[in-house]
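Please give a short account of this protein model.

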Amino acid sequence: AFDGDINNSPCVGCGQCAAVCPTGAIVIRDDADAVWKVIGDENIEVSVQVAPAVRVALGTEFGLEEGANVMGKLTTALKEMGFDKVYDTNISADLTIMEEANELIGRVQNGGKLPMFTSCCPAWIRFAEDKYPDLLDNISTCKSPMQMLGATVKAMYKGEKKHVHVAIMPCSAKKDEGKRAKFNGDVDFVLSTQEVVRMIREHGIYFNR
């Protein structure tokens, strides 16, 4: 915007422009090749987490019944592709709820800033940061489920190899969240549903079987 860098523009990274661009000129950053590279490195252990929305959106791309839960098929496909460990982001969604509840109780009991807002959407958070900075003290300090699981997996990994953690998310804004310095690289790469669909096909997997 106005010949400036996109990081200094009003863009919040929601990805809607790419979703509706009529010519395909606006595209989301593609991380598939970088993920293939780390999967192919025998000196790197690669783990991956799957967001709840992905398991029902992905099946539609392969002609399965709309809304079908394909987590089992997806887990098998990811292992076939070379991922060493597969995690469910639902685990950290539960952790996030518990952490946010504790934070809210603490604010109520100790006279903290209320009301307390929370969102797992990084575009929502960035919008608040850019447009409503006076509300930042009202936003929960808890990490999103994606970042919370990334931090948990990285903290418990004790292997001899280098460890890389990948997240499969339904929203391109998660790519921006994964790169934010304050999260210390707990999530190394974020793949969209479409990227994973393409990777499954590239690997020659018959997903429906």
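The buried residues of helix α9 are covered by elements that include α2 (32-39), α3 (54-61), α4 (71-81), β3 (162-169), α8 (173-178) and β4 (189-192). Helix α9 spans residues 193-202, and its buried residues are Thr-193, Glu-195, Val-196, Val-197, Met-199 and Ile-200. Buried means under 20% relative accessible area, exposed means over 50%, and partly exposed lies in between, with a 1.4 Å probe and protein chains only. Helices (H or I, at least four residues) and strands (E, at least two) are DSSP runs, numbered from the N terminus.

The model is predicted: local features need pLDDT of at least 70, side-chain atom pairs count only at pLDDT 80 or more, and totals for chains, interfaces and linings use all residues. Residues are numbered from 1 along each chain as its sequence is written, and side-chain values use heavy atoms, leaving out hydrogens and water.

Next, the sheet. It is open and has four strands in the order β2-β1-β3-β4, with parallel pairing. Strands β2 (85-88) and β4 are at the edges with a single partner strand each, so one side of each has no neighbour in the sheet. From one strand to the next, the twist averages 25 degrees. Strand β1 (residues 44-50) pairs with β2 in the parallel sense over four bridges; two strands pair if DSSP finds at least two bridges between them. Val-50 has Asp-88 in β2 as its bridge partner.

Helix α9 lies across β3 and β4, at about 80 degrees to β4. Contact means heavy atoms within 4.5 Å. Axes are lines fitted to C-alpha atoms, for helices over the stretch in contact, and angles run from 0 to 180 degrees between N-to-C directions.

Now the rings. The structure holds two aromatic pairs. Rings of Phe, Tyr and Trp (its six-membered ring) pair if their centres lie within 6.5 Å; planes under 30 degrees apart are stacked, over 60 edge-to-face, and the rest tilted.

| Pair | Type | Centre to centre | Between planes |
|---|---|---|---|
| Phe-62 and Phe-207 | stacked | 4.5 Å | 20 degrees |
| Phe-127 and Tyr-132 | tilted | 5.8 Å | 55 degrees |

Phe-62 sits in the loop between α3 and α4, and Phe-207 in the segment after α9, 145 residues apart. Both Phe-62 and Phe-207 are buried. Phe-127 is partly exposed at 40% relative accessibility, and Tyr-132 is partly exposed at 42%.
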